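Please look at the model shown here.

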Amino acid sequence: MNSLIKNTYIGWAAYFIIFNIYCIFWRQYLFTEQYDFVDSLTWWLKEWGMWLAYTPLTISSLAWLKQRKSLITSFIIVGLLSIFLATFTREVIYFVTDNANWRVDSVIPHVIAYFPKYSITFVLIALCWYLSLFQQKLNSTSTPSVSESNTNKSNADENNTNNTTSIHTQPVSESLKHCDTQLVHADNTIEKHKAAITGINVEHLGLTITLPFDEVYLISAAGNYVDIICQNTQYILRTPLKDMLANLPEQQFMQVHRSHIVNLSKIIQLSTNGSGTSQITLDNQQTINISKKLKHTIKTLVHA
């Protein structure tokens, strides 16, 4: 998200440079007027400056709303709000800087003039946002994820069942030995698949992306869903907390409370509050209550 906002600001800077080049050509060569950089900067800020503030707000709003609404609905709602705010801000700047009287008959022509170009501006911002998500989707398709592990487990269990069925024709001692071998093989297969998993698959902004384990701080239960909390973003995934825990690397994640799983590498402090409740603090300054019986275990793992 931060890199996308950075790239959009680079785009705005490029547009400002192109605008000034055009002004030099337009004034000096077509109208033989003296080019004034301050005048061009002032006009550009009046016309487009509000988008420097609204661009990150627009991107963040699209990302937040897409988790709760469809992609088209998010585009429409955020687009109308962004265009309205930009148009309203431009009108306020116009009437303040030009000391004009606020009249309906003077506002309507301005709105008609601003709406098309501000609509195109929003579409370009939204397109950049969606393309960045699409690129993220492409990058994540080759990464194994938690959601794939259930299939791997099922295949391992099925193979184990088939092999177990076939041993009933063998002597009892050989059958038990063979069964133990197959169970060990199945467990090893599952462990290998779990070791290959590097992230969690979530639906985000209309695309499936993979969250690397190292970026996950906290996973909290919310009914039949879990909230996956990263440093700057929160995702929702439909799965019980116990199923999520079963597919996480045991050496990195631990259930510290009936409603919380934490990334052990993100813990920076273990403490007790005034009421005697044990707590941990993550490096994003989020505080989580933990079970008292796990305090010593967590302390050992964190300081290992």
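## A buried tryptophan

Trp12 is buried, at 11% relative accessible area. Here buried means under 20% relative accessible area, exposed means over 50%, and partly exposed lies in between, with a 1.4 Å probe and protein chains only. Tyr15 is partly exposed, at 32%.

This is a predicted model: local features need pLDDT of at least 70, side-chain atom pairs count only at pLDDT 80 or more, and totals for chains, interfaces and linings use all residues. Residues are numbered from 1 along each chain as its sequence is written, and side-chain values use heavy atoms, without hydrogens and water.

## Ring partners

A pair of aromatic rings is described by the distance of the centres and the angle of the planes. Rings of Phe, Tyr and Trp (its six-membered ring) pair if their centres lie within 6.5 Å; planes under 30 degrees apart are stacked, over 60 edge-to-face, and the rest tilted. The count comes to ten aromatic pairs. One of them joins Trp12 and Tyr15 edge-to-face, with 6.2 Å centre to centre and 70 degrees between the planes. These two residues are three apart in helix H1, so about one helical turn separates them. Helices are DSSP runs (H or I, at least four residues), numbered from the N terminus.

Trp12 also pairs with Trp48. This pair is tilted, at 6.1 Å centre to centre and 45 degrees between the planes. Trp12 is in helix H1 and Trp48 in helix H2, so the pair ties together parts 36 residues apart in sequence. Ring pairs link Trp12, Tyr15, Trp48, Trp51, Tyr114 and Tyr118 into a cluster.

## The largest core

A nonpolar core is a set of buried Ala, Val, Leu, Ile, Met, Phe, Trp, Tyr and Cys residues joined through side-chain atoms within 4.5 Å. The largest has 26 residues. Trp51, Tyr118 and Trp129 have the most contacts inside it. Helices H1, H2 (37-66), H3 (71-97) and H4 each give two or more residues to this core. H2 gives the most, with nine.

A second, separate core has 17 residues, including Val202, Leu211, Leu241 and Leu248.

## A pocket beside Trp12

Which residues lie closest to the centre of the second largest pocket? The pocket holds about 290 Å³ of space. Of its 13 lining residues, Gly11, Trp12, Thr121, Leu124 and Ile125 are the closest to the centre. Helix H1 (2-30) and helix H4 (104-140) each supply at least two lining residues.

A pocket is an open set of points on a 1 Å grid over the protein atoms alone, where a 1.4 Å probe fits, with protein on both sides within 12 Å along at least five of seven lines; lining residues have an atom within 4 Å of a point.

Methods: Points joined across faces, edges and corners; volume = space filled by probe spheres on them.
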